[in-house]
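Please consult the sequence and the model while reading.

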Amino acid sequence: MNRTRLVGLTAGLGVTLTWASWSIATKVGLKADIEILDLLALRLFVGSILVLPFLIYFKAWKGLSWKQYLVLGFFGGIPHSLLSYGGLERTSITHFSVFVYGMAPVMTALIGYLFFSKKINKNQMFGAIFIILGIASIGYEDIMQGLNLTAWVGNFMALGGITSFVVYMVFAARWNISVLQSLMACTLLNGLIFIPYWWSFTDTSLGQLSSNDLIFHGVFQGIVPGVLAIFMTTVATRNIGADLTSLFFALIPIAASFFAVALLGEVMTLGIVVGLLLASIGVLICSIKLEFLFGVKKIPEPVVTTYH
């Protein structure tokens, strides 16, 4: 195996582990009664401090209008984050992962079609069938065991969160934004809006945390999703291509669910396992060109892809 491919595959594995570990760390914080607004404040504050020097040095604000930044910042920022945190608070890691990572390619295709009349291709339609069957499998078993309304409110909050972020991704792709412009819109601008509000009007629970817990959640909220995930995705797509990188995105729900069972004691039933596998297969089919999946040797040109 040559060095380029090894680096790309390692980064792809990093993508899977990064998002799976973020889900677990966030769930741990929510179980410890850390408020959603506090987690978001940590994410935006730490992330803004880290990226600010680079944004200033490279003058990341150039190239886009403020109207474009406001659109990107809104759909990729506070509403998306609050819905995601709220969903994760109310539902299980497995349900959350299926609705976020499973529905991301479906919503991308749908919103691209509704906003810009972008044609929905065959593999997106085929993959969507698997994803919907996966969600139906989870939903059927939940109904049979007694419908958990709180969990399904969380599921639909997760769906709302990923829908908001997909709108951001569609505009980001259309305007061909850079990584730094993404950080400018989603991290810094949202931090400038949210941090003053959080500081002035909320009763924070962060003062009750130990130094170790504060550092732990600061790392997983501010560094893991905002810096590491983007870096790993960029390295992977540049070295092995976007299609092969998509394999690692399809593994996120499985990895997150495995960690949730091992570390948080979440229960995996047959219906959940079947739904999880169907949704992951659907993500894979949606994300990879069928020609590539069935043996084309040439790796397509890299395109940076993020799902959360």
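Tyrosine 140 counts as exposed because its relative accessibility is 55%, where exposed means over 50% relative accessible area, buried under 20% and partly exposed in between (1.4 Å probe, protein chains only). This is a predicted model, in which local features need pLDDT of at least 70, side-chain atom pairs count only at pLDDT 80 or more, and totals for chains, interfaces and linings use all residues. Residues are numbered from 1 along each chain as its sequence is written, and side-chain values use heavy atoms, with hydrogens and water left out.

**Surface patch**
- Tyr140 lies in helix α6; helices are DSSP runs of H or I with at least four residues, numbered from the N terminus.
- Together with Ile143, Met144, Leu147 and Leu149, Tyr140 forms a nonpolar surface patch of about 580 Å² accessible area (Shrake-Rupley method, 1.4 Å probe, only the protein chains shown counting as cover).

**Backbone**
- Lysine 59, in the loop between α2 (36–57) and α3 (66–75), has a positive phi near 50°.
- Lysine 59 is partly exposed, because its relative accessible area is 42%.
- Asparagine 176, in the loop between α7 and α8 (179–201), has a positive phi of about 55°.
- Asparagine 176 is exposed, at 65% relative accessible area.

Definitions and conventions:
Patch = residues over 30% accessible without salt bridge, like charges linked within 9 Å, V, L, I, M, F, W, Y side chains within 5 Å. Salt bridge = Lys/Arg side-chain N within 4 Å of Asp/Glu carboxyl O. Helix = DSSP H or I, 4+ residues; strand = E, 2+ residues; numbered from the N terminus.
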